[in-house]
Amino acid sequence: MEKNNHTIAILGFNNHKLTIMNLKNLIKDGYRKNILLFDNGSKPSYKKICKKLNVKFLRSKENIYVNPAWNKIFEIIETKYLTLLNNDCFILSKNYFNDVL
């Protein structure tokens, strides 16, 4: 599987410590270019963190809840494959995406 053909979308609403751990875990495994963090109205925003980590970022000013947030992601992605993760869903196997896709 080509990495540029896959988006890993993470939905974040607050809980910054856990979300940052998840982002860093995916970056460590080589998926930085695949990550899209959807900030669902968190306070403070994840914008600075995403810029520092060099990951794609999309934000709703207020919490629009899970399904509408996923729908926004569906509207903007251009990759063949999409993995939707909540910020507390960690990928534990480095080869997980290669194995399932």
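Which residues of H1 are buried? The buried residues of H1 are His16, Thr19, Asn22, Leu23, Asn25, Leu26 and Ile27, where buried means under 20% relative accessible area, exposed means over 50%, and partly exposed lies in between (1.4 Å probe, protein chains only). This is a predicted model, in which local features need pLDDT of at least 70 and side-chain atom pairs count only at pLDDT 80 or more, while totals for chains, interfaces and linings use all residues. Residues are numbered from 1 along each chain as its sequence is written, and side-chain values use heavy atoms, with hydrogens and water left out.

**Helix H1**

- Helices (H or I, at least four residues) and strands (E, at least two) are DSSP runs, numbered from the N terminus.
- Helix H1 covers residues 16-28, and at 1.5 Å a residue its 13 residues should span 18 Å, which agrees with the 18 Å between its end C-alpha atoms; the expected span is 1.5 Å times one less than the number of residues.
- The cover over the buried residues of H1 includes strand S1 (6-12), strand S2 (35-40), helix H2 (47-53), strand S4 (81-86) and helix H4 (96-100).
- Just after H1, glycine 30 takes a positive phi of about 95°.

**Nonpolar cores**

- A nonpolar core is a set of buried Ala, Val, Leu, Ile, Met, Phe, Trp, Tyr and Cys residues joined through side-chain atoms within 4.5 Å.
- The largest nonpolar core has 15 residues, of which Ile10, Leu26 and Ile35 touch the most other members.
- The elements that give two or more residues to this core are S1, H1, S2 and H2, and H1 gives the most, with three residues.
- Apart from this core lies another one, of seven residues, among them Ala9, Leu11, Ala69 and Trp70.

**Salt bridges**

- Side chains of opposite charge can pair when their charged atoms come close.
- The count comes to two salt bridges, each being a side-chain nitrogen of Lys or Arg within 4 Å of a carboxyl oxygen of Asp or Glu.
- Aspartate 39 counts as buried at 0% relative accessibility, whereas arginine 59 counts as partly exposed at 31%.

**Aromatic pairs**

- Rings of Phe, Tyr and Trp (its six-membered ring) pair if their centres lie within 6.5 Å, and planes under 30 degrees apart count as stacked, over 60 as edge-to-face and the rest as tilted.
- The count comes to two aromatic pairs.
- The rings of tyrosine 31 and phenylalanine 97 have their centres 5.0 Å apart and their planes at 75°, so the pair is edge-to-face, and it links the loop between H1 and S2, where tyrosine 31 is, to helix H4, where phenylalanine 97 is, 66 residues apart.
- Tyrosine 96 and phenylalanine 97 form an edge-to-face pair, with 5.3 Å centre to centre and 75° between the planes.
- Tyr31, Tyr96 and Phe97 form one aromatic cluster.

Technical notes. Contact means heavy atoms within 4.5 Å.
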